[in-house]
Amino acid sequence: MKKALPIIILLAIANFLNAQTNPKDTEVWEPEPRVVDPGTSANPPSDAIVLFNGNDLEEWELVYGKGEAKWEIEGNIMTVVPGNGDIKTKRKFGDIQLHLEWRTPVEIEGEGQGRGNSGVFLQMRYEVQILDSYQNRTYSNGQAGAIYKQHIPLVNACKAPGEWQTYDIIFISPRFNKDGIRVSPGRLTVLQNGILIQNYSEIKGTVEFIGQPKNIAHGNDSIKLQDHGNPVSFRNIWVREL
Ligand code: MG
């Protein structure tokens with residue numbers, strides 16, 4: 001018996017080594033990812049929900065008060081009409097991939113937070129700042145691509161005013177338990193003009209102009225675009241639910 005043990009061990013080792021030499025053992029074939037047509041820069045992926053493609057504001061409504069969103073549409077572009085107010089999607093979303101294109105006015109007016117200010121709010125609460133941050137200094141955690149007053153963008157990837165810019169946003173919503181306690185934070189990853197500016201940044205809570213972020217339990221909610229008094233334009237807005 002005493003001599004048998006090493007042989008058994010040797011056989012086990014040989015078996016183990018043999019198992020690790022077959023590449024097929026580590027191939028996974030199921031499930032197979034479904035096919036999505038990636039589209040082109042002007043055409044969304046085949047499984048996207050189109051939120052704005054230039055035709056109408058059917059997917060949008062006013063945030064404050066009831067009624068239709070009345071931002072100006074011209075060509076395939078919609079533009080904030082200052083004073084019309086914020087607009088939000090009629091649909092509510094959880095985790096999403098969001099694509100949108102935005103442009104700040106070519107006529108430079110104002111400075112700092114007053115120049116080309118808008119914003120995209122995930123679930124109505126978490127703002128990725130839109131601002132003309134091209135040679136326009138403001139506080140770093142409030143410039144374009146900031147998660148407003150929570151995370152400074154990794155770099156300033158802004159194009160000049162009047163040029164179209166893209167945001168590709170991956171949003172993971174925060175999770176709350178049945179007692180209303182947040183058990184995992186939301187996350188935001190953002191590419192601006194193809195450049196990573198937020199890398200899985202932890203959302204601290206609601207975006208606040210004054211004071212600390214709050215974490216009151218909520219479910220899926222709308223995407224909001226901000227009327228901050230500047231005629232910022234948008235086009236090609238689509239979303240993929242994750
Ligand atoms: Mg803003």
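**Ground rules.** I number residues from 1 along each chain as its sequence is written, and side-chain values use heavy atoms, with hydrogens and water left out. Because the model is predicted, local features need pLDDT of at least 70 and side-chain atom pairs count only at pLDDT 80 or more, while totals for chains, interfaces and linings use all residues.

I take buried as under 20% relative accessible area, exposed as over 50% and partly exposed as in between, with a 1.4 Å probe and protein chains only. This core has 39 residues, and W60, M78, L98, Y167, I169, F234 and I237 are those with the most contacts inside it. Among the elements giving two or more residues to the core are β1 (49-52), β6 (96-103), β9 (165-172) and β15 (233-241), and β6 gives the most, with four residues. Here helices (H or I, at least four residues) and strands (E, at least two) are DSSP runs, numbered from the N terminus. As background, I noted that in soluble globular proteins nonpolar side chains tend to be buried together.

The C-alpha atom of I169 is separated by 9.7 Å from that of L122, although the two residues are 47 apart along the chain.

**Entry 2, strand β6 and its partners.** I found β6 mostly covered, with seven of its eight residues buried. Two strands pair, by the rule used here, if DSSP finds at least two bridges between them. Seven bridges join β6 to β9, and the two run antiparallel; within this pairing, D168 in β9 is the bridge partner of H99. Seven bridges also join β6 to β15, again antiparallel, and in β15 the bridge partner of Q97 is R240.

I traced an open sheet of five strands in the order β2-β5-β14-β7-β8, with antiparallel pairing. Its edge strands are β2 and β8, each of which pairs on one side only. Inside the sheet, strand β5 (residues 87-89) is joined by two bridges to strand β14 (residues 224-225), and K88 has K224 as its bridge partner in β14. Five bridges join β7 to β8, with F121 facing E127 of β8 as its bridge partner. These two strands form a hairpin with three residues between them, and Q123 in the turn has a positive phi of about 50 degrees.

Which residues of β8 lie on each side of the strand, and are they buried or exposed? I see Y126, V128 and I130 on one side and E127 and Q129 on the other, all of them buried.

I listed its protein donors, meaning N, O and S atoms within 2.8 Å of the metal (3.2 Å for Na, K and Ca); water is not among the atoms, so sites may look incomplete. The donors are N117 (OD1), S118 (O), E127 (OE), Q129 (OE1) and Q226 (OE1), lying 2.2 to 2.4 Å from the ion. E127 is buried at a relative accessible area of 4%, and Q129 is buried at 1%.

I count a salt bridge when a side-chain nitrogen of Lys or Arg is within 4 Å of a carboxyl oxygen of Asp or Glu, and a search of the whole structure finds ten. R125 forms one with D221, the closest N and O atoms being 3.0 Å apart; R125 sits in the loop between β7 and β8 and D221 in the loop between β13 and β14, 96 residues apart. R125 is partly exposed, at 22% relative accessibility, whereas D221 is buried, at 16%. D47 forms a salt bridge with R34, also with closest N and O atoms 3.0 Å apart, and R34, D47 and R240 are linked in a network of salt bridges. R34 is exposed, with a relative accessible area of 60%, while D47 is partly exposed at 25%.

Key:
Core = buried A, V, L, I, M, F, W, Y, C linked by side-chain atoms within 4.5 Å.
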